[in-house]
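Dear colleague,

I am handing over the structure we talked about, and it is placed just below this note. After it you will find what was found, written so that you can follow along in the viewer.

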Amino acid sequence: MKKLFQKYTLQSEKNGPITVVRFLKWSTVYAGGFDQSSAYLVKLWGRGIAEVPKNTPVQTVCMLGLGGGCALRVIEKRFPEARVTVIEWDPVMVRIAKDLHQFRKEPEILIGDVCDVLPNLHRQFDLVLGDAFFGDKPESRIAEREVGNALRNLLAPQGKFIINISRTPALLDALQEFLHLEKTIQFRINTVGVFTSLSSGGHGGNRTRA
């Protein structure tokens, strides 16, 4: 009989100790003292992805950061036919996501630092999700020039980039050099930014709040 409650810790060279807690069908993954995958984040990404109009033909999705893989569940529910590519720097996180069975169809997983992989990823995606964190800090280097330009080129002309910036509003401002900030969403204690390409949104980040 499968245990109703499980808790275990894995050691990672990248993130240090990673703790996984499983109860019934729900799981939470902690790294650096903060949850990297949880029911809370499932709801956050559900709210963010709801900003993509239902008639939008999303065929390709790129995730910057896998964590425990909970966002994959949201993507598969909303876009079941989409091809998903994930960039994740920690092989232990990949192992955990697979163990937790967060996805039905295994995505393409690229192991490496987002800031190293993006400039060499010469493709475009209809939807890009930014969820690369170290502890509670989002990866701020994605707003540096080389990576920001790569992020701009990654987004299809009518695509959306949705990023969880937690409580780091300066990152939204920095990203507006490369993308148009369509709106921000406040989800409990987290802020989510919704970006489009500059060509579709115009220059300058006229910000609206939801």
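**Asn190 and its surroundings**

Leaving aside neighbours within four places in sequence, Asn190 is in contact (heavy atoms within 4.5 Å) with Tyr40, Leu44, Asn164, Ser166 and Ile185. Please keep in mind that this is a predicted model, in which local features need pLDDT of at least 70 and side-chain atom pairs count only at pLDDT 80 or more, while totals for chains, interfaces and linings use all residues. Residues are numbered from 1 along each chain as its sequence is written, and side-chain values use heavy atoms, with hydrogens and water left out.

Asn190 lies in strand S13, which covers residues 190–197; helices (H or I, at least four residues) and strands (E, at least two) are DSSP runs, numbered from the N terminus. Asn190 counts as buried because its relative accessibility is 7%, where buried means under 20% relative accessible area, exposed over 50% and partly exposed in between, with a 1.4 Å probe and protein chains only. The side chain of Asn190 also makes a polar contact with the side chain of Tyr40, at 2.7 Å. A polar contact here is a pair of N or O atoms within 3.5 Å; within protein, one must be able to donate a hydrogen and the other to accept it, and residues adjacent in sequence count only if both atoms are side-chain atoms.

**Two positive phi values**

Ser166, listed above as a contact of Asn190, has a phi near 55 degrees, which is a positive value in a residue other than glycine. Ser166 is placed in strand S11 (residues 155–166), and with a relative accessible area of 5% Ser166 is buried. Arg188 is not a glycine either, and has a positive phi of about 55 degrees. Arg188 is found in the loop between strand S12 (179–187) and S13, and at 55% relative accessibility Arg188 counts as exposed.

**Helices H1 and H2**

Tyr40 and Leu44 are among the buried residues of H1, together with Leu41, Val42, Trp45, Gly48 and Ile49. The cover over the buried residues of H1 includes S4, H2, S8, S11, S12 and S13. In helix H2 (residues 70–78) the buried residues are Cys70, Ala71, Leu72, Val74, Ile75 and Glu76, and what covers them includes strand S4 (34–37), helix H1 (39–49), strand S5 (60–64), strand S6 (83–88) and strand S8 (125–130).

Lys105 is placed in the loop between helix H3 (91–100) and strand S7 (108–111) and is partly exposed, with a relative accessible area of 46%. A polar atom of the Lys105 side chain lies 3.4 Å from the backbone oxygen of Ala82.

Lys7, in strand S1 (residues 5–12), is exposed, with a relative accessible area of 58%. Not counting residues up to four places away in sequence, Lys7 touches Thr19, Val20 and Val21.

Leu175, in helix H6 (residues 169–175), is buried, with a relative accessible area of 0%. Leaving aside neighbours within four places in sequence, Leu175 is in contact with Ile142, Ala143, Leu151, Phe161, Ile163 and Phe195. The C-alpha atoms of Leu175 and Gly148 are 7.1 Å apart in space, although these residues are 27 residues apart in sequence.

**The chain as a whole**

The secondary structure of the protein chain comes to 7 helices and 13 strands, and buried residues make up 54% of its 210 residues. Among contacts with a separation of 6 or more, 64% are between residues 24 or more positions apart. The C-alpha trace spans about 55 × 35 × 35 Å along its principal axes. The radius of gyration of the chain is 16 Å, which agrees with the value near 17 Å that a compact globule of 210 residues would have; this radius is taken over C-alpha atoms, and the globule rule is 2.2 Å times the number of residues to the power 0.38.

With kind regards
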